[in-house]
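I set down here, in order, what I looked up in this structure. The entries are brief and follow the topics as I took them.

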Amino acid sequence: MRVWAENPEWLLLLLAVPVVVGLPLYVRSLSGLSGGRRWTALITRSLVMTLLILCLAGLQWTQTSKSVSVVYLLDRSDSVPENLKAAQQEFIHQTKKKMKADEDRAGVITFAGQSVVEQTPIQGDYIPPIGKSQVKPEQTNLADAIRLAAAVFPPDTAKRIVVLSDGNETTGDALAEARRVAAADIGIDVVPLDYGYNHEVQVTNLWTPPTARVGDEIPLKISLFSQAPAEGDLVLSDNGRPIVLDPETGRDSIHVSLQPGKNALVHRLRMDPGGADFHRFQVQFVPSRKLDDSIPQNNRASAFTVVAGKGKVLIVSTSDEDDARFVQALQEENIDVEVCHAEDIPTDLAQYQPYSAVVLSNVPADMVPRPLQDSLASYVKDLGGGLIMLGGNQAFGAGGWIGSPIEKIMPVDFEVKSKRQVPRGALAMVMHSTEMPQGNGWGIRIAQAAVDALSRLDYVGVNAFDSGLGQSNWVVPMQLAQNKDAIKRSLDKMSMGDMPDFNSSIQMAVTALNQTDAAQRHMIVISDGDPAPPSTGVIAQLKRSRITVSTVGIGMGYHVVSATLEKIAKDTGGRFYLPNDPNKLPQIFIKEARTITRALINEKPFNVLVQSTTGLAKGLSERAIPQLEGMVLTTPKPLIEMPLAAKTDTGSDPLLANWQVGLGRSVAFTSGMWRRWGPQWLDWEKFKPLWSQTVRWSMRKSGSTDLDIQTTIEEGRGKLVIDAVDKTAGYLNFLEFQGRVIDPALNSKSLQIVQTGPGHYEATFETGAPGAYIMGFAYRKGGEGEWQTVQTGIASSYSPEYAQLQGNPSFLARVAETGHGLVLPLETDKMSNVNVFRRDLPEAVMREPAWPTFLAVALALFLFDVAVRRIAIDPRAVAAGARGWIGDLAGRWRGTSDKESIGSLKRRREQVQEQWRQRLKQTAPDAGLPQGPRKTYEPGATPADAASQDDFVESLGASRKGDGKPAALNRDADDEGGATGRLLQAKRRAQQKMEDDAKDEG
C-alpha cells in the first residue's frame, strides 16, 4: 500500500504548522494552563492542523493489481459477412484459454449502430451465445462500442479492448474515442475482419431537381457502379406508380448492360398540369443473374421533387360538413386548397413541402402521432411554413394538445392560467404489472403522457399495488396537476406489483375521486386483466358516483384477460383498448385525458371584441361582428398579436391570435365548428375576407426565383450549393442566410451557409442515416428587407453500410496504434499463439480516499483540545475516585464469607470486654470487709492513674457499674480534666450505640 496525494501543493502548508502552533507560547495565551495541559493542547492542535492539511491535499491510499480484464467488441453490422461473424466466437473461445481463471476477467459487447453488453467482465470460461444484432444493423458505430467498453471495466484490474470489425464505421469517431480511452491506460487490440466482393452492382445515385414548375421537363439522372460486366432491368416509379420507360412497348422497365466502373442513364419526365405537387421517385436494379450482385440492399435509390406554384393550403378536417363553407370561402378568394381527413394526414415531413400552410380544424391530438407533431413543429419553425389551429370540442386543451410540440409553437397556452372559475376534471389511474417485456416501463410512459395532457386545474392521482405491503398504495396522491414535473418524477420511481383483485385499487380511486370538487370524474385502468373482477357493489358505486372507467389491456400477444377489462369499461360507460402496437399507447391515454379536459369548453354566446384594426383584423368593425356560440378557453402568451378577443363576464379571452415563430408563422382561432358555434358567421359578409387575409398572412413566402439550388450526397455527407443571380443575370453577393436541416429522425441542426464565390454559396451536413433530409432557409438582400424562405431537400437512399465492398484494415491499424495495442490475426492456426491477457499494460491502481478518516480523527482531536483548555482535572482526585469506585465495585462481589468475618470480629470484641469486666471485679475491694483508713496520697496510685484505668476499661466497651472510686476522686478528675471528661462521655455514647447495633444485627 502506498500513499498518494491528489493535490500535493497543499502539503506546503505543513511548514506553517510549527509557526501557528508555537504562536500561543509567544503571546502567552496559554499561560493560565499548567505545563502538562499546555503541551497537551499544543500537540493536539498540531495534529488537527496536520490532518486538515492532509485532507485538503486529497491524501489517498493506493494499491496495485496485476489482473487483466478484456472486453471483446464484436461487429455485427450488415457489412460483415456471415462467415466472419461465426469466426468471432471461435476467436473468443481460443484466446480465453490464456486467461488466469483466478485473476483475469472477460466480457463481450456486440455493436452495430448501437451497442449491447452481452456479458460484463467476469471470471471463468463461460462465453455467452451471440445472436443476430437487432440494434440498427444498417450502421456501424465503433466509437459507441469503445465508449461502452470503457464504462463496464472493473476498477481493480488492468484493461484491454479487443475489436473484431471490418473497420468500416458509418457514424461516430472511433479514433477520437480511442485516444480518450488510451489516456485512461486502456489498451486496444484489433482483429481485422477483411473481405472483398468481386461481383457487385450498386445504384449509387438518383438525382432529380428539388423544385420544378408546372410544365417543366425534369431529368432523372441514374448512376450505377459495377465491379464486372452485368445485366439486369431498371424500374422507375413516381409516388409508387411505375413510369413507362419504353413508349414503343409500354413497358415500365428497360434492360441494361453494365460495364465495369461507373454507368449513367438519364430519363426525362414532364410535370403535367393537374398532377401531384410532390413527387417521390425511386429506381431499382434487378440483376438478371444472382452471381452478378452480392448486396441487394444497395440496388435502390430515391429522390423527390416539389412542383412549385402558387401557394397551396392543406386543410386537415374531422368533419367535412363543418368545414365545407370554410373551404369554399378560401377557394372563392383564389387560394388553392386541398382537404384531407385527419385519419389520412401525411406522416412524412417531405410530403408537406408543396404546402405553404396547414390548417388543423378541430383535430384532436390522439389522431396526430407524436412524431408527426414534431414534424409539424419543424415544418413551421425550421422550414418557414404556416400553421392554423381552428377550435372545436376536440381542439386546443380540450383535444389533448396540452404539453404537445404544437402548443409550443402556438401563440396561446392551451391551459387556463388565470384565477377564473373553471369546472375541474379529475383523473385516477390504476396501474397493474403486466407480463409483457418492458410492460411496466410502458405503463409509466403512458401515465406520464396522460399527465401532460391534463390542465393544471384538473386533479390527477395514480395508485399501484405494492407487493411488499400487500396492498394498493398511492404513488401520486390525488392532487391538482400544478407541478407536472414532480408528478412525472414520482411515476418514474413507481413499482407496480401483481394485484390479486381490482376491488381495493378501484375502491381507493373511487374514494379519492369523490373527495374532489371535480365536475367530471374519470378512471383509467391499465392491466393484463388477470386480477379478480371488481365486485357488483364497487361497480354500483362507480355508477352512482358517475365515474366512467376506461381499461387498457397490455400484453401484446402474451397473457391478457380481455373479458374482465372489457366488462368493467362497458358497465361504467368507458372504453376498452387492446393495442398491438406499443407506440400507440401514449395516444390512447391522451384520448382518455380528453374526457376530463372538456371543462375548457365554454358553450355560451359571447360578443367579439376588436383589439386591433390592422393585420388580420383589418377592415373589421366591432358592431358588425355576429356573436359566436362557443369557444375553447386558452391563455395568451407574451409578445403576441391578438386582434380579436371574446368578451366574457370576467373580462376577455383570446379568440384570434397570431405570431412569428422561427422561420414560420402560426395562428390560433379558439372558436370553430361553424354549424354549431358560428352559424351566423357563415352568412357574415366579412367571413371570406377575414379568412383569406389570415391564411395568406400565415403562408410561406417563397423566394426561390432568384436562386439556383443543387443538392448532392457524397461519401456520407450532404452538400447544398446555391447560385444567386438577379433578373439581369447579375450576381447577388453578401446575402444573409438563416437555415436548418432536418434529418430522417426529425433532429434539427443549424445549416451554415457561407459564400465561396461571386453569387455562390455552399453548406455541408451529415447524412449517416438513410431517408429524406429536408432543408429550409431564409435569406434577404443586403441585411435588410423582408425575409424570403426556401425549402429543398435530398434523399439518402441507403446507408453507407451497404456501399462497402471490402474491409478497412488500415483504419483498424490506426485504432490499434492509437490504443497502444496490436493487430491480431483471425486465422485459426494462429489463434493459439494470441495472448490478449498479456501483462504489458500499466498495473491497475486502486485509490481509496483517506480524508473521511482523517477528518473524523481531526474532529475528535479538536473536541479533546477544547476539553483540555476548558476543563481542569486533578489527578489525585481522579485516582481517589477511581479507588473508591473500584472498592465499591469489589464490595458488591463479596460473598457470605465476608459477612461471617465481620460477625467473628464482633464476637471477639464482646469476649475481650467481658474478660476486662471480670478482672476489674477481682481487683475491686469487697464491700463486706472493714475499710482501712483512706489514703489521701499514694505515689504509685494517683487519681489520674485511677481515672485512666477506668477510661481504658470503658474504651473497651465496658460500662461503669458502681463507683469503684471515691466520689471525691471522681469530682477531682472532672475538675482537672473537664475536656477529657466530655470526650469520654461522647466516646461512651458512641460505644453504647455500637453495642445496640450489634444486638440488633445479632
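**Notebook entries**

I began with L56, which is partly exposed because its relative accessible area is 42%; I call a residue buried under 20% relative accessible area, exposed over 50% and partly exposed in between, with a 1.4 Å probe and protein chains only. L56 belongs to helix α2 (residues 35-56); helices (H or I, at least four residues) and strands (E, at least two) are DSSP runs numbered from the N terminus.

I noted the basis of the work: this is a predicted model, in which local features need pLDDT of at least 70 and side-chain atom pairs count only at pLDDT 80 or more, while totals for chains, interfaces and linings use all residues. Residues are numbered from 1 along each chain as its sequence is written, and side-chain values use heavy atoms, with hydrogens and water left out.

**Surface patch**

**Salt bridges**

I counted a salt bridge where a side-chain nitrogen of Lys or Arg lies within 4 Å of a carboxyl oxygen of Asp or Glu. By this rule I recorded 27 salt bridges.

I looked up R839 and found a salt bridge to E103, with the closest N and O atoms 3.1 Å apart. R839 is in the loop between α19 (828-831) and β43 (844-849), and E103 is in the loop between α3 (82-95) and β4 (105-111), so this pair ties together parts that are 736 residues apart in sequence. R839 is partly exposed at 36% relative accessibility, and E103 is partly exposed at 29%.

I turned to R180 and E177, whose side chains meet in a salt bridge of 2.7 Å, N to O. Both are in helix α5 (residues 174-182), and because they are 3 residues apart, about one helical turn separates them. R180 is partly exposed at 45% relative accessibility, whereas E177 is buried at 8%.

In helix α13 (residues 562-572) I found D571 and K567, 4 residues apart, about one turn of the helix. Their side chains form a salt bridge of 2.8 Å, N to O. D571 is partly exposed with a relative accessible area of 24%, and K567 is exposed at 52%. I also noted a network in which salt bridges that share partners join D144, R147, E177 and R180.

**Strands**

I took two strands as paired if DSSP finds at least two bridges between them. Is strand β23 (residues 459-466) enclosed or open, and why? I found 7 of its 8 residues buried, so β23 is largely enclosed by the rest of the structure.

I traced its neighbours next. Strand β22 (residues 425-431) runs parallel to β23, with 6 bridges, and M431 has A464 as its bridge partner. Strand β24 (residues 471-480) runs antiparallel to β23, with 7 bridges, and D466 stands opposite Q471. β23 and β24 form a hairpin with 4 residues between them, and G470 in the turn has a positive phi of about 75°.

I then followed strand β10 (residues 217-226), which pairs with strand β8 (residues 201-207) in the antiparallel sense over 6 bridges. V201 has S226 as its bridge partner. β10 is also joined by 10 bridges to strand β14 (residues 261-270), again antiparallel, with I218 opposite L269.

**Cavities**

I searched the whole structure and recorded 3 cavities of 30 Å³ or more. A cavity is a set of points on a 1 Å grid over the protein atoms alone where a 1.4 Å probe fits but cannot get out, and lining residues have an atom within 4 Å of a point. Points are joined across faces, edges and corners, and a volume is the space filled by probe spheres set on them.

The largest cavity has a volume of about 90 Å³. Its lining includes N205, W207, F304 and I794. The elements giving two or more residues to this lining are β8, β16 (300-308) and β42 (788-796).

Key. 1 Å grid on protein atoms, 1.4 Å probe; cavity = no way out; pocket = protein on both sides within 12 Å on 5 of 7 lines; lining within 4 Å.
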